[in-house]
Amino acid sequence: MLEILEKLLVIQDRDCRIAQLKSESTRIPAEITAAEQRVKAEAARLEKAKTELKHIEADRKKLEIDAESKRAQITKYRTQLNQIKSNTEYQALLKEISKAENDIRGIEDVELDLMEKLEKLQPLLKEEQTQLKEITAKGEAERADLQKRAKLIEEELHHLRAEREKLVTGVDPDALHRYERLMRSKGDAAIVPIKHGNCGGCHLNIPPQVVHDTKDGSELTSCSYCGRILYWQPE
């Protein structure tokens, strides 16, 4: 294999690793945000459950006050019954007592419904609290891992870039320019092997003369279709 080709393959290996790390690095902020959003979503669910619980308890308290007020009215009405002499007023007051008693029964029915909701909501609230703790702990650990990974990526990128600068020193400028132009246009690899008679990049069948020239290795050869630099890889 040509010496220049060997050098370019080493440079390509570093470039591919740099590209991989840069891609991973760009994803990390979004992954951290996603972890934080999961915690926020669970916190919102917990807060919603707490708010619902507060509303139910407030409604139940109001109903208790209303019921107590109705009972006080009944007591007052019963006291008044002993003082009324008119039958019409007496019957009217009995109706008021009956109406107040019906109101109390209605209030108690609503109270019962609210109590059932509370019985269902309280275990759910505890479950949400437990889940929030677990998700928060997991989210913090995930964020810490991602931040650590981001730091390691930066360190490796710094090392690889410094290594690449040394590798390109002394490399034929024309060959390097050709390689870098191909890397920019292809995005994955500028130098690929011939596999089973096909280009390792575009996977099209290589003409026999190009295969022969690549095997010969006296100069850099390119795929007739995609332009990538070829090298011979024994089957």
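Is His 196 buried or exposed? His 196 is exposed, its relative accessible area being 66%. The legends below describe close-up views of a predicted model.

View A. The phi angle of His 196 is near 55 degrees, a positive value in a residue other than glycine. Most residues other than glycine have a negative phi. With a relative accessible area of 66%, His 196 exceeds the 50% limit and is therefore classed as exposed.

**View B. His 203 in the loop between β2 and α4.** His 203 is located in the loop that runs between β2 and α4 (208-216). Although His 203 is not a glycine, its phi is positive, at about 70 degrees. His 203 counts as exposed, with 57% relative accessibility.

View C. Four strands form an open sheet in the order β2-β1-β4-β3, and the pairing is mixed. The edge positions belong to β2 and β3 (221-222). Each of these edge strands has a single partner strand, so one side of each is left without a neighbour in the sheet.

**View D. Pairing of β1 with β4, and helix α3 on the sheet.** Strand β4 (residues 229-232) pairs with β1 in the parallel sense, over four bridges. Within this pairing, Val 192 has Leu 230 of β4 as its bridge partner. Helix α3 (residues 173-186) packs on the sheet and touches β1, β3 and β4. The direction of α3 makes about 105 degrees with that of β4.

View E. How many disulfides does the model contain? The count comes to zero, where a disulfide requires two cysteine sulfur atoms within 2.5 Å. Cys 199 is in no disulfide, and the nearest cysteine sulfur, that of Cys 226, is 3.7 Å away. Because its relative accessible area is 1%, under the 20% limit, Cys 199 is classed as buried. Cys 226 is likewise in no disulfide; for Cys 226 the nearest cysteine sulfur is that of Cys 223, at 3.6 Å. Cys 226 also counts as buried, at 12% relative accessibility.

Notes. Residues numbered from 1 in each chain as written. Predicted model: local features only at pLDDT ≥ 70, side-chain atom pairs only at ≥ 80, totals over all residues. Heavy atoms only, no water. Buried < 20%, exposed > 50% of the residue type's maximum accessible area, 1.4 Å probe, protein only. Helix = DSSP H or I, 4+ residues; strand = E, 2+ residues; numbered from the N terminus. Pairing = 2+ DSSP bridges. Contact = heavy atoms within 4.5 Å. Axes fitted to C-alpha atoms, helices over the stretch in contact; angles between N-to-C directions.
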